[in-house]
Amino acid sequence: MDLLTPDIGLLVWQVVIFGLLFFLLSKFAWGPIASSLKERENSIQGALDLAEKTRGEMAKLKSENEQILAQARAERDAILRGAKETADKVVAESRDKAVAEGQRMLEQAREAMQNERQALVASMKKDVVNLSIEVAEKVLRRELADKASQEKLVQDLVASSRLN
């Protein structure tokens, strides 16, 4: 049983050695160990803070990229819409211009036909007048072939001119 019950002197020496070891460890070992643990904790916390900051920046960049993409899509849609409107406008203007040109050509053709008709009517009138004069001339030559019929015509003309 001696082994199970320690002696008082041994106990005192064990407490003194433990106290001395505790003092030495607290003075020389625990300070640097605690400071290195504190540094390690600070570096881990710094890395965590940096990771959180980087994650926030990545989220911000992602949202900015999405905004830029949305703006680019909106601009693309606006450009396409403008191009379609311009194309529609050009087609409409071309169609209107073609219709106006067709109308102008029809009007010119009508005017040309009217001018031709008037020229033809005038030519026909001139031909009819010339033909009438020739017929009248031939009739008068035949009727006034002798001197007596010429004198009778002159007397009739003089008599009709006095009546008027």
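Colleague: Let's start with W30: what is its relative accessibility, and is it buried, partly exposed or exposed?

Modeller: Keep in mind that this is a predicted model. Buried would need a relative accessible area under 20%, and exposed would need over 50%. W30 sits between those limits at 38% relative accessibility, so the label is partly exposed.

Colleague: How many aromatic pairs turn up in the whole structure?

Modeller: A search through the whole structure was run for these pairs. One of them is F18 with F22, a stacked pair with 6.3 Å centre to centre and 25 degrees between the planes. The search comes up with 2 aromatic pairs.

Colleague: Where do F18 and F22 lie, and how many residues apart are they?

Modeller: Both F18 and F22 belong to helix α1. That puts about one turn of the helix between F18 and F22, which are 4 residues apart.

Colleague: And F22 with W30, is that pair stacked or edge-to-face?

Modeller: The ring centres of F22 and W30 are 4.9 Å apart, and their planes make an angle of 75 degrees. Planes over 60 degrees apart count as edge-to-face. So the F22 and W30 pair is edge-to-face.

Colleague: Which residues do the ring pairs link into a cluster?

Modeller: F18 counts as exposed, at 57% relative accessibility, while F22 is partly exposed at 42%. W30 is partly exposed too, at 38%. The cluster linked by ring pairs is made of F18, F22 and W30.

Colleague: How much accessible area does the nonpolar patch on the surface have together?

Modeller: The patch includes F18, F22 and W30, and the other members are L21, L25, I33 and L37. Patch residues need over 30% relative accessible area, and F22 has 42%. Together the patch comes to about 700 Å².

Colleague: Moving on to charges, how many salt bridges does the structure hold?

Modeller: One of them joins E101 and R104, at 2.2 Å from N to O. Another is R110 with E107, where the closest N and O atoms are 3.9 Å apart. A salt bridge has to be within 4 Å. The structure holds 6 salt bridges.

Colleague: How far apart are the closest N and O atoms of D88 and K84?

Modeller: D88 and K84 are 4 residues apart in helix α1, which covers residues 8–143, so about one helical turn separates them. D88 is partly exposed with a relative accessible area of 43%, whereas K84 is exposed at 53%. Their closest N and O atoms are 3.4 Å apart.

Colleague: What separates R110 and E107 along helix α1?

Modeller: R110 forms a salt bridge with E107, and E107 counts as partly exposed at 39% relative accessibility. R110 and E107 are 3 residues apart in helix α1, so what separates them is about one helical turn.

Colleague: Are E101 and R104 buried or partly exposed?

Modeller: E101 and R104 lie 3 residues apart in helix α1. E101 has 33% relative accessibility and R104 has 39%. Buried means under 20%, so E101 and R104 both count as partly exposed.

Colleague: Now the whole chain: what is its radius of gyration?

Modeller: The chain's secondary structure comes to 2 helices and 0 strands, and its C-alpha atoms fill a box of roughly 200 × 35 × 20 Å along the principal axes. A compact globule of 164 residues would come out near 15 Å. The chain has a radius of gyration of 65 Å.

Colleague: What share of the residues in the chain is buried?

Modeller: The chain exposes about 15,200 Å², and carbon and sulfur atoms supply 64% of that. A residue needs to be under 20% relative accessible area to count as buried. Of the 164 residues, the buried share is 1%.

Conventions: Residues are numbered from 1 along each chain as its sequence is written. This is a predicted model: local features need pLDDT of at least 70, side-chain atom pairs count only at pLDDT 80 or more; totals for chains, interfaces and linings use all residues. Side-chain values use heavy atoms; hydrogens and water are left out. A salt bridge is a side-chain nitrogen of Lys or Arg within 4 Å of a carboxyl oxygen of Asp or Glu. Buried means under 20% relative accessible area, exposed over 50%, partly exposed in between (1.4 Å probe, protein chains only). Patches are made of residues with over 30% relative accessible area and no salt bridge: like charges are joined within 9 Å, nonpolar side chains (Val, Leu, Ile, Met, Phe, Trp, Tyr) within 5 Å. Accessible areas come from the Shrake-Rupley method with a 1.4 Å probe; for residues, only the protein chains shown count as cover. Rings of Phe, Tyr and Trp (its six-membered ring) pair if their centres lie within 6.5 Å; planes under 30 degrees apart count as stacked, over 60 as edge-to-face and the rest as tilted. The radius of gyration is taken over C-alpha atoms; the globule rule is 2.2 Å times the number of residues to the power 0.38.
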